[in-house]
Amino acid sequence: MTPASRPTSVGLASWLGLREASLLLACAPAGGLLVGAVDLATSSGFADLGMALGFALVAAFYTAQLAVTLGRPGWTDTWWAPVILTTSALSSPLFTTFLVDPRPPIVWFWLLEPVVVLAAYLCRPAHAALVTVGCLGCGWIFLALSDVDVARHAHEVVAGAAAIVMPGVVAALVLGRVRRRERSVLEQTRLDPVTGVLNRRGLEHELSEWSERGRGAEPVCLVSIHLDSFDEAASAWGGAAADQVMARVAVALERAYHRSHLVSRFVDHEFIVVSDIDPDLLVPSLLRAVRVASPQRPVTASAGVVWGIPLDLLAEGQLVPMVERARQRVTAAQLSTGGIDAQQFEPETYVPVPVPQPVPAAPPRQEEPDQPDLPGSDARVLGWWLAGTGILLSAVPRRPDQSSPVDLLVYAACLALVCGGMWVAQSDTGHPRVGRLLVTLTLPVTVMVVMNVPTVEARYLVVVLAAYPATIAGVLLDRVWAQWMVVLLPVSFVLATAVGPTALPHALSITILAVGLVAVTALLAAMVRRRRLTSLNRLHVLTLTDPTTGVLTRAGLAREFLDLPPARRTGILLTSVLPRGGEGQGTALEADLALVATSLHELARGRGVVGRVSGRDLVLVVPGADRLALLRRRLQQDLGERSSEVEVLVGLAYTDDHTEGGLWQAVNEADEAVRRQSHGDAGPSHLVPADVTP
């Protein structure tokens, strides 16, 4: 599997060291095992030893699913999730096949709703739709095995199917949207936007994943692939064509030699490949892949190789020093006939290089998890769900001998749900108090509707409606209301299953299992929703911070600049770090960048922002700074005290345009001042006071 296609789990929320998504998915096989246990306890046992063995094999099947789901969290974002969810819906027919006098599978018809809700959150939309169709197919199997007259109970069958599908649709619109945003932001943090392969942060993460899987002691090879004369070719082709060639080269490198390696774009036209394959086999294959990647605009490459590196060494912060060693071999490779130069790593003589510590990233702007107003999209979903629930409840058949006052009361409540839900959906603020009141109203209405269905079979089909208040609260309301609905869930299920002339024969077991599974689903949904702002903020911060220095990226700098209070003049101080001579230039550059970033961060003192705008350039943006030259002197003094080896050039500029265009225009002016200094141009400058020292 290539790094680009490798599943990237969110992993922000963990419990017992396991990812949140894998815990949610594990609820499906765990629920299947509970269904089997309840079916066994309420049946007459096994007819013979063969039947007992078959039952044990089904239990082992779901136990293996549970173990693999918890042991392989990364599989949650693959085909594994829809398969697990669909097979869990078939648990009752599979278990009852081997039992004597089992309960009819229709008893578990309501269990399909939590499965659809989990699929809506965990799976991609197409996969969630397939799981929903599979659950409806399982429901048809339940009806067939239970000898239910579908024609006679057509209204109840339709109502039961709608009761299963509606929560899934809502969960897909609310929780599924959160999951998709998490995937998107996570890809931005770990993938290079031009080529789609791993960036440095993504490579470090994947190496840590390899190490955590027990492969830390394995020796690996690190290959630095440098595209020959690519800068000159890119100038002739143009930027868009050069990016296209880079993307094709990246795809070719991923597909080379059985796709069993990690590919990362570090800087410009350099790719880093890490693999446990023999470099004598891997590297020629990589270079051939580069040559044939773009026939219209052919490119060649040279490869520097360092092999025999313990994986733990790379995962513990020594990736950049090893990359620097491979880069040094590239110079020799460019002079060789084969374009390859390799060096064996000697761990006995290696002294770890100190890893530069980045500036601590500023904490993300926190928002209240329980906002007074519902977000517009969630308010619309809540409103339409309430309206749909009112229509659904009014369409469920009731006993013909039902007294008219109760009928009128139920219809009036359904009308209130429909009208109130439409009002909430159309409002700007969502009216959370009205929404909570309507969700509370669904509790007695659903119980009254389920209690008065005409037959036992029909009651089995619509008993899932008793789970609606808790499900709605978990998916769309705050944590406190979800907890209250879960507390009231046992009462509603007892009334919906055990009270009335059509009380269900297995009311106790249904209530126990329903309360457990529906409560877990609702509370986990509430947890996901409550923490989505924090999770997305944390992920978004990763996209806005530079992994080497800890300061903002270009995108982060632009965003923070627009959030600064407008000032009459905003000062731009651009610092370009000069390269050192000799070996270890890459490692020294990272240390120098981290040191300069720390100095700029202290100069900002909470009034300004610091960002990295290119490989060697850092920018300090300070609103209302009229004495940038003084800040420049303080920076140079601070750097002299910290390290005598760090050399920088500083360019200054001002802008009174508080827009992103104004920011980059001023940064370009400061960059021009730096380039004039580096080329010894003593001509007059249009920047004031960029080249003037008061």
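Residues are numbered from 1 along each chain as its sequence is written, and side-chain values use heavy atoms, with hydrogens and water left out. Since the model is predicted, local features need pLDDT of at least 70 and side-chain atom pairs count only at pLDDT 80 or more, while totals for chains, interfaces and linings use all residues.

**View 1. A four-stranded open sheet with the order β9-β10-β8-β11.** The pairing here is antiparallel; two strands count as paired if DSSP finds at least two bridges between them. Strands (E, at least two residues) and helices (H or I, at least four) are DSSP runs, numbered from the N terminus. At the edges sit β9 (609-612) and β11 (648-655), each pairing on one side only. On average, neighbouring strands of the sheet are turned by 20 degrees against each other, direction ignored. For angles, axes are lines fitted to C-alpha atoms (for helices, over the stretch in contact), and values run from 0 to 180 degrees between N-to-C directions.

**View 2. Strand β8 and its two partners, β10 and β11.** Seven antiparallel bridges link β8 (residues 570-577) with β10 (residues 617-623). Look for T570, whose bridge partner in β10 is P623. Over on β11, eight bridges join that strand to β8, again antiparallel, and G571 stands opposite Y654.

**View 3. Helix α3 packed with helix α6.** The axes of α3 (residues 80-89) and α6 (residues 125-145) lie 9 Å apart at an angle of about 15 degrees. That makes the two helices roughly parallel, a label that covers angles under 35 degrees. From α3, the contact uses P82, L85, T86 and A89; from α6, H127, V131, C135, C138 and F142. By type, these residues are seven nonpolar, two polar and no charged. Nonpolar here takes in Ala, Val, Leu, Ile, Met, Phe, Trp, Tyr, Cys and Pro; Asp, Glu, Lys and Arg are charged, and the others, Gly among them, polar.

Note on methods
Parallel < 35°, antiparallel > 145°, perpendicular 65-115°, else oblique. Contact = heavy atoms within 4.5 Å.
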